[in-house]
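Dear colleague,

Please find below the structure that I am handing over to you. My notes on what was found in it follow.

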Amino acid sequence: MAEQSSPIKPVRPSMGQVRSSSFLNDHQQYRPPSKPENHYGIDTVVEDIQASRISSPRQISPFNGIPSPENPPTIVESGLSHELSHPNCTSAPGTKQSKLVATIFYKANSPRVSNAVPSPRLAPQGSQSPEVPAAEELPANMAPASSMESFPLEPPTNEPEPLDHIYGSNVSPMCITSFLHLMSTFPVPPGSTDFASSHRCLKLDQNHENHPVVVELTLSPAPSPDYLSLEDLRKHELIYRFEREWNVDVALRGDSLWRRYPRLVVFDMDSTLITQEVIDLLAATIKDPPDLAARVADITHRAMMGELEFDSAFRERVKLLAGLPSSIFEELRSVLDVTNGVRPLLRALKRLGVKTAVLSGGFLPLTSWLAGELGIDYAHANEVVIDETTGRLTGEVKGRIVGKERKRELLLEIAEKEGIALEQVVAVGDGANDLLMMEAAGLGVAWNAKPTVQMEASARLNGDSLLDLLYLFGFTSEEVEQLTA
């Protein structure tokens, strides 16, 4: 009988026969280049610890932090290129380089209408396109007059096309690029280095996209003062056109230490600290004659525009108020509307140790009361004569009128009393009677001002909050929140 063959005993499979490396090593997306294949870990134990050979750790020599042939530096290619340069940092020893700071404010509250807006007269009957504004919102150059007598002999020039409609309602990168290109066209002082710039976003918009609406640019070197002074540069036609194209305000200042550290801020009152004109409020309380309020308001407007001499216009208006009771000033306290941002601004200035003053061409009773309410250090305004018998206004003014010359004198007196250099004084106003004090200060700011004042002032703010003044000093929105908390 043939010898019966014994059954073949199946060989027990082992993980080591399937693969030599671990499952993690085979399937992980990232493999450290320096990790050895026979890495000792839990996966090695599970697979085949008998077949695994664990090498003894390599002897590591002590490294004292100084590269040497025995300890060469480890170079890791990260894909990033770092270069140290300082074209816009402090000047080299023995040299001085002028810098220009441009603060760009986007005017979100006053969007411009495109020049390509069709006439509402050409629109089909019964159709109202949302893109077509009402007739009263059309630019002045599209409808200069309604009568042939006042129609201009030559057609008005077209305003530049608003570019913020295309590139975004903010201080966009294209806006900054356009401004830098504009500034590079001005000649620089002889021997200056190449044009360099840096920027900081001081404030972002409130929506989820967080686009910058206030940007500070530092340009180095500044345009040559021999070619164009800073005052003339602010009024340059190219700067004005850039502002119109991008719907922004540009404040140009020399980069100095005093720019960031003001010590005295002087305010006008009417249409600056408050939104109204006090003398118009007084005239509105007189019902006989019925057109008195309109007459006073017209004189006020013309005086603020610089069409009338302020002192004589003020005396003329006060005469029209003769007979009003002196208690009217106390009654108007509750009517005064403080401008948005004034209270937090004054709180921030107080925390910074900055002195404040209000120099008003209005009336001292209301000016002194408002200064006490807001915590302002100095208050000056006009005093009217009150009949002691009747307790009513006589229509006369006591002492000198606080007009443009007197405002300038008061600013100089306060600065001298406090021992403050004029470079550290800021004056804020809106009317022509504020121009002299704005000229005397280191920085004159036109706040939603009349056209003449906008052109003459060092800086313009046309927003909805006077708190924007802090951005001219270089504060960011986070720092403003800390100061106003």
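Pro221 is placed in the loop between β3 (212–220) and α6 (230–234); helices (H or I, at least four residues) and strands (E, at least two) are DSSP runs, numbered from the N terminus. The peptide bond that joins Ser220 to Pro221 is cis, with omega near -5 degrees.

Before going further, please note that this is a predicted model, in which local features need pLDDT of at least 70, side-chain atom pairs count only at pLDDT 80 or more, and totals for chains, interfaces and linings use all residues. Residues are numbered from 1 along each chain as its sequence is written, and side-chain values use heavy atoms, with hydrogens and water left out.

Backbone angles

Most residues other than glycine have a negative phi, and most peptide bonds are trans. Ser271, in helix α9 (residues 269–273), has a positive phi of about 65 degrees although it is not a glycine. Asn448, which is also not a glycine, has a positive phi of about 40 degrees and lies in the loop between β10 (443–447) and α18 (451–456). Ser271 is partly exposed, with a relative accessible area of 21%, and Asn448 counts as partly exposed at 36%. Here buried means under 20% relative accessible area, exposed over 50%, and partly exposed in between (1.4 Å probe, protein chains only).

The chain as a whole

The protein chain has 19 helices and 11 strands. Of its 485 residues, 39% are buried. Its accessible surface comes to about 29100 Å², and 53% of this belongs to carbon and sulfur atoms; the areas come from the Shrake-Rupley method with a 1.4 Å probe, and for residues only the protein chains shown count as cover.

A buried serine

Is Ser360 buried or exposed? Ser360, in strand β6, is buried, with a relative accessible area of 1%. Its side chain reaches the backbone nitrogen of Gly362 at 2.8 Å. Leaving aside residues up to four places away in sequence, Ser360 touches several others, including Asp268, Asp270, His380 and Lys407; a contact means heavy atoms within 4.5 Å.

Cavities

How many cavities of 30 Å³ or more does the structure hold? There are two. On a 1 Å grid over the protein atoms alone, a cavity is a set of points where a 1.4 Å probe fits but cannot get out, and lining residues have an atom within 4 Å of a point. Grid points are joined across faces, edges and corners, and a volume is the space filled by probe spheres set on the points.

The largest cavity has a volume of about 120 Å³. Among its 16 lining residues, Asp270, Glu277, Phe310, Gly361 and Gly362 are the closest to its centre. Strand β6 gives the most to this lining, with four residues. The lining divides into five nonpolar, five polar and six charged residues, where Ala, Val, Leu, Ile, Met, Phe, Trp, Tyr, Cys and Pro count as nonpolar, Asp, Glu, Lys and Arg as charged, and the others, Gly among them, as polar.

The second largest cavity holds about 40 Å³ of space. Its lining consists of Arg234, Ile239, Val250, Ala251, Leu252, Ser458, Ala459 and Arg460. Strand β4 supplies the largest share of that lining, three residues. By type, the lining has five nonpolar, one polar and two charged residues.

Yours sincerely

Conventions: On a 1 Å grid over the protein atoms alone, a cavity is a set of points where a 1.4 Å probe fits but cannot get out, and a pocket is an open set with protein on both sides within 12 Å along at least five of seven lines; lining residues have an atom within 4 Å of a point. A polar contact is a pair of N or O atoms within 3.5 Å; within protein, one must be able to donate a hydrogen and the other to accept it, and residues adjacent in sequence count only if both atoms are side-chain atoms.
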